[in-house]
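I set out to look up how aromatic rings pair in this structure. My entries follow the display.

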Amino acid sequence: MNAVPPAFTPAEPTVEPVASAAKPFLDELFETGVLIPSGVDGLYGRSGAFEEVIDRFETLVERHAREDGAVKIHFPPAMPRVNMEKSGYLKSFPQLAGSVHSFMGNDMDHCRLLSAIAEGTDWSQFQQPTDLVLTPAACYPLYPTVAAKGPVPADGLLFDLKSYCFRHEPSKEPTRMQFFRMRENVRIGTAEQVSDFRERWLERGPKLIRSLELPCALDVANDPFFGRGGKLMARNQRDQQLKFELLIPVNSVENPTACLSFNYHQDHFGTLWGMEREDGEKAHSACVGFGLERIALALFRQHGSDVEAWPKSVRKVLWG
Amino acid sequence: MQIRELIGSHKIIPVPVDRVGDEEDLYDLGMTSFASVQLMLALEEAFDIEFPESMLNRKTFQSIASIDRSVSELVSGRA
């Protein structure tokens with residue numbers, strides 16, 4: 001019972017985190033001040049050290065992105081509602097989507113709103129949908145932007161994106177946040193160009209994570225599509241090996257956490273948004289996504305809450 | 001045949017369904033993953049059946065013939 005929490009056991013590069021911690025990992029993170037509770041599951045403040053780890057990790061990704069000639073764009077964490085409607089996100093993930101509502105009434109409506117709050121009744125009826133929804137994945141705002149610019153050049157396009165994303169899935173697992181950051185590199189072009197891009201990251205991703213002395217494994221994966229029909233979509237996605245994830249043990253060894261994902265969209269977004277190549281064919285796309293909070297949590301889980309005490313070799317990779 | 005009518009009326013594939021052979025691959029003809037879900041739901045309603053989880057895969061909805069086999073199996077199982 002008084003044993004040192006396994007999360008803080010100094011780890012050899014090949015050692016995996018112990019399966020069951022003395023207490024839930026989320027409680028550890030609150031106690032050590034790495035995360036700050038808000039009162040709502042999945043919504044947390046981040047410590048300076050946590051943010052610094054994310055910053056340092058991002059410089060590693062950015063180095064590759066620059067070498068590849070990626071164009072860097074950061075979108076805000078909201079996007080036009082019409083674009084979510086058109087994207088098909090609500091067909092596949094209605095349970096995860098978040099939309100922005102605001103008060104648009106008069107003085108009398110304002111009184112009713114305040115009365116409802118005072119009485120503890122539903123006040124959301126006094127709010128109306130705005131033109132905004134919360135961004136569900138960093139690449140969603142990109143496709144309409146690319147489509148509006150005209151044909152995709154013969155060499156294809158490459159972007160380095162980052163955004164806070166929202167998914168409504170409150171959880172006690174610190175790795176399942178409602179607001180989190182996703183860094184994404186997106187390739188748009190021919191089937192061959194985007195497949196090459198994904199292959200390259202399928203090699204690079206595990207190398208990058210292993211350089212941080214984190215155990216990891218690649219696996220075929222599927223998105224959490226909604227409902228019974230979603231099961232069919234998930235199987236389709238798996239059968240075609242459209243999605244791979246790089247899994248790292250964070251909450252437990254038995255259920256490692258997807259920290260990177262490697263997705264081939266075929267011509268799904270090309271067709272949806274009318275992204276065409278110069279030869280008139282629909283553009284294909286692929287992306288690699290980095291769950292930045294998840295990667296930071298994996299590092300804190302493996303190497304402990306005090307970044308100064310992390311293995312020198314890991315610190316060297318991150319801080320140089 | 002009712003399956004063809006459903007494929008046509010729900011615009012499951014971007015080509016005329018009467019020119020599609022029974023064994024032709026509907027995915028190759030442009031049926032998207034989401035269209036296959038729409039087709040699944042339409043078939044369930046039309047035939048008053050429910051596809052079990054074991055049948056919720058790419059193969060079941062691959063061709064008109066494979067759909068026919070699965071639907072027949074479920075309809076006869078119900079009777």
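This is a predicted model: local features need pLDDT of at least 70, side-chain atom pairs count only at pLDDT 80 or more; totals for chains, interfaces and linings use all residues.

Entry 1. Residues are numbered from 1 along each chain as its sequence is written, chains are lettered from A and ligands numbered from 1 in the order in which they are written, and side-chain values use heavy atoms, without hydrogens and water.

Entry 2. I took rings of Phe, Tyr and Trp (its six-membered ring) as paired if their centres lie within 6.5 Å, with planes under 30 degrees apart stacked, over 60 edge-to-face and the rest tilted. I found 13 aromatic pairs over all chains by this rule. Phe93(A) and Phe225(A) are stacked, because their ring centres are 5.2 Å apart and their planes stand at 15 degrees. I see that this pair links distant parts of the chain, 132 residues apart.

Entry 3. I counted a residue as buried under 20% relative accessible area, exposed over 50% and partly exposed in between (1.4 Å probe, protein chains only). Phe93(A) is buried at 9%, and Phe225(A) is buried at 17%.

Entry 4. I looked up Phe300(A) and Trp310(A): the pair is edge-to-face, because the centres are 5.3 Å apart and the planes at 75 degrees. Phe300(A) is buried, with a relative accessible area of 2%, and Trp310(A) is buried, also at 2%.

Entry 5. I noted a cluster linked by ring pairs, with Tyr89(A), Phe93(A) and Phe225(A) among its members.

How values were computed
Helices (H or I, at least four residues) and strands (E, at least two) are DSSP runs, numbered from the N terminus.
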